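My notes follow in the order in which I looked.

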Amino acid sequence: MNLSRYHDIVKEIEPTGARLVAVSKTKPVSDISELYGLGQRLFGENKTQEMCAKYEDLPKDIEWHLVGHLQTNKVKYIAPFVSMIHSVDSIYLLEEIDRQAARHQRIIPCLLQLHIAMEDTKYGLDEKEACEILESGSYKQMKNIELCGLMGIATYTDDEARINREFGGLKAFFDKIKAEHFADKGGFKELSMGMSADYRIALRHGATLIRIGSEIFGTRGS
Ligand SMILES: *Cc1c(COP(=O)(O)O)cnc(C)c1O
């Protein structure tokens, strides 16, 4: 744990109005408790099982954000309590989130994950696929999800110009979707981008949620 980096990051993002998602995947409950003691309430996990176990063990006013790839058959485990799902990458997943949220009489905030990186291994929708979801009859009928923005993961590279292009492109697409699909109803307001290595660049492009793990909790064994 690097608590001085935590304090620095909190101070750094404060003037931007963005919120910090402390990505605690693989880290023990004791580390999360320590940050909780400093006032951190927003934590991110990428595995449903790990998130459920931590949810059980920790105070119930923690907001749990699912940031990693989510399999349709695992939605049911987190539906009772998850605060936001950042990684929606298909209409089928969104349908299942809507169904499970309804079972618990909840509305689950969701972000569409856009594929913005060069690597083709990363999950996410292209712009056309995202538009198809928003225009689908199925999406329009959903009552138990709220689409509140977009998420993206930039290429892992030293090439700042490339990261700037990727985050800039995601912000431009966010503005377009907001104007075309949410002008009347509002609520489309979250842009989840930026991790330990590139959060400063993301903040310059208007990120509202930054997802930071290793800079705060230390590197993860792989
Ligand atoms: C692990 C992870 C992060 C945090 O990554 P760091 O480089 O450790 O800050 C952010 N977003 C997603 C989707 C992740 O899986």
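I began with the second largest pocket of this predicted model, and I noted about 220 Å³ of space in that pocket.

I then listed the residues that line the second largest pocket: Leu134, Tyr139, Lys140, Met142, Ile145, Glu146, Leu147, His181, Phe182, Lys185, Gly186 and Gly187. Helix H7 (137-141) and strand E6 (145-152) are the elements that give two or more residues to this lining. Strand E6 gives the most, with three residues.

I sorted the lining of the second largest pocket by residue class and recorded six nonpolar, three polar and three charged residues.

I turned next to the ligand. Which residues surround the ligand? I wrote down Val23, Lys25, Val67, Ile153, Met195, Ser196, Arg211, Ile212, Gly213, Ser214 and Arg220. By class, this shell divides into five nonpolar, three polar and three charged residues.

I looked up individual distances from ligand atoms to N or O atoms in side chains. For Lys25, I noted 2.7 Å between such a side-chain atom and an oxygen atom of the ligand. For Ser196, the side chain places an N or O atom 2.5 Å from an oxygen atom of the ligand. For Arg211, the ligand atom concerned is a nitrogen, and its distance to an N or O atom of the side chain is 2.8 Å.

Terms used. Residues are numbered from 1 along each chain as its sequence is written. This is a predicted model: local features need pLDDT of at least 70, side-chain atom pairs count only at pLDDT 80 or more; totals for chains, interfaces and linings use all residues. Side-chain values use heavy atoms; hydrogens and water are left out. On a 1 Å grid over the protein atoms alone, a cavity is a set of points where a 1.4 Å probe fits but cannot get out, and a pocket is an open set with protein on both sides within 12 Å along at least five of seven lines; lining residues have an atom within 4 Å of a point. Grid points are joined across faces, edges and corners, and a volume is the space filled by probe spheres set on the points. Helices (H or I, at least four residues) and strands (E, at least two) are DSSP runs, numbered from the N terminus. Ala, Val, Leu, Ile, Met, Phe, Trp, Tyr, Cys and Pro count as nonpolar, Asp, Glu, Lys and Arg as charged, and the others, Gly among them, as polar. A residue is near a molecule or strand if one of its heavy atoms lies within 4 Å of it. A polar contact is a pair of N or O atoms within 3.5 Å; within protein, one must be able to donate a hydrogen and the other to accept it, and residues adjacent in sequence count only if both atoms are side-chain atoms.
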